[in-house]
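Please keep the model in view while going through the points.

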Amino acid sequence: MSGTPARTADAATVTEVVCLGESMVTFLPSQPGRLADVPAFGRGIGGAESNVACALAAAGHRAAWVGRVGADGFGDHLVEAIAGYGVDTSGVRRDPSRPTGIYFRTATDRATDVHEVAYYRAGSAASAMSPRTVPYASLPTARVLHVSGITAALSADCLALLHDLTAPRPGRPLVSFDVNHRPGLWRGADASPAVLLDLARRSDLVFVGEDEAEEAWGLTGAEAIRAALPEPSVLVVKRGADGATVFSRTGTGTGTETGAGTGTGTGTGEETDDVTTVPALHVDVVAPVGAGDAFAAGFLSATLRDLPVRDRVRHGHLMAAAVLTVPGDLTAPPARAHADALAALDDEAWGRLRLGPGWTGDDQEVRTT
């Protein structure tokens, strides 16, 4: 199937997914309200790519996180916490002259006007990532390389690294790119839409929210987004409460399928898209953060298992629901057998599911509407 990463002879031992990007120590508010009014914060970890790595490892996959942290206590905490999920952190480098990034956030949804995030990441160790400090040849051999647009916003060197990692080359793994448009991170915001569009077009599997595509590129609707991004073999358009639509390439073109080793992300000849739309779940939301990363992890997990596109999306929704029903950005995913059983439901039964806090436990009864 197009969009399935290539298998190797030593698939039993090779890293399945390498996630590359900045992870930071995050300080979570003890109560709702403005940052100015919150009296205390709890310490956690945050980072789009490391979140994906943690979720994949917790789901039983061989995942690695590659990044740079300071030679400080916050760096120690990040590496230890991420490794605690079962993630391979051997590719993390320590920077003796730059600090580990940190940030504070409010408890509200980042999509609302009252959401606040205070970043302390300028000049961080991660911002020094570049083709020189993180050479392609140093990355673990993997079936999938997962990156995001957040890294591109950190520095000119980080952007150069993403250009290097997404360049066509023999043996390139399937490149998974989450657009993750964060206007506040860009020093020259006017450049960010073109940069993100270019990186997406160089990738094999792309995740993008309908809302961020409209904000960044002025595109409305999944079809318009696909027209602007014809190159990726798989395009996942996240549509919030309306679910997700996936465009997956099929046909008789002469181009190499995604993940087969060339890493071009394009093909020639006659090709068409299969279009799959899967409704979102009804979820009793506890905290609306981390869902996008969890969705990507669920979709990648099912992709690694060669499941049908519909089930890949459903596993994305289920992984997102696990995070949405807890206070933090990370949580244990549902057991594979549990998730597989829910993903296999017929359309009517899927539409009647309602998931609330504790639903991932083996002894929890899943409610229906």
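The numbered points below go from the whole chain to single elements and contacts.

1. Basis. This is a predicted model, in which local features need pLDDT of at least 70 and side-chain atom pairs count only at pLDDT 80 or more, while totals for chains, interfaces and linings use all residues. Residues are numbered from 1 along each chain as its sequence is written, and side-chain values use heavy atoms, with hydrogens and water left out.

2. Whole chain. The protein chain has 11 helices and 17 strands; helices (H or I, at least four residues) and strands (E, at least two) are DSSP runs, numbered from the N terminus. Of its 369 residues, 55% are buried, where buried means under 20% relative accessible area (1.4 Å probe, protein chains only). Among contacts between residues at least 6 apart in sequence, 72% join residues at least 24 apart; contact means heavy atoms within 4.5 Å.

3. Helix H1. Of the 11 residues of H1, 10 are buried, and the helix is mostly covered. Among the buried ones are Ala 48, Val 52 and Leu 56. Gly 60, with a positive phi near 100°, follows H1.

4. Glu 49. This residue belongs to helix H1 (residues 48-58). Is Glu 49 buried or exposed? Glu 49 is buried, because its relative accessible area is 1%. Beyond neighbours within four places in sequence, Glu 49 has contacts that include Cys 19, Glu 22, His 146, Val 147 and Ser 148. The side chains of Glu 49 and Ser 148 are joined by a polar contact of 2.6 Å; a polar contact is a pair of N or O atoms within 3.5 Å, and within protein one must be able to donate a hydrogen and the other to accept it, with residues adjacent in sequence counting only if both atoms are side-chain atoms. Between Glu 49 and Ala 296 there are 9.8 Å in space, C-alpha to C-alpha, although they are 247 residues apart in sequence.

5. Strand S10. All 5 of the 5 residues of S10 (residues 174-178) are buried, so the strand is largely enclosed by the rest of the structure. Leu 174, Ser 176 and Asp 178 point one way, and Val 175 and Phe 177 point the other way. In a regular strand the side chains alternate between the two faces of the sheet.

6. Partners of S10. Two strands pair if DSSP finds at least two bridges between them. S9 (residues 142-148) runs parallel to S10, joined by 5 bridges, and S11 (residues 205-209) pairs with S10 in the parallel sense over 3 bridges. Phe 177 of S10 stands opposite Val 147, and also opposite Val 206 in S11.

7. An open sheet of 3 strands has the order S15-S16-S17, with mixed pairing. Its edge strands, S15 (282-283) and S17 (367-368), each pair on one side only. S16 (residues 353-355) pairs with S17 in the antiparallel sense over 2 bridges, and Leu 353 stands opposite Thr 368 in S17.

8. Helix packing. The axes of H4 (residues 156-165) and H5 (residues 192-201) come within 10 Å and cross at roughly 25°. H4 is therefore roughly parallel to H5, a term for angles under 35 degrees; axes are lines fitted to C-alpha atoms, for helices over the stretch in contact, and angles run from 0 to 180 degrees between N-to-C directions. The contact involves residues including Leu 159 and Leu 162 of H4 and Val 195 and Leu 199 of H5.

Note on methods
Buried < 20%, exposed > 50% of the residue type's maximum accessible area, 1.4 Å probe, protein only. Parallel < 35°, antiparallel > 145°, perpendicular 65-115°, else oblique.
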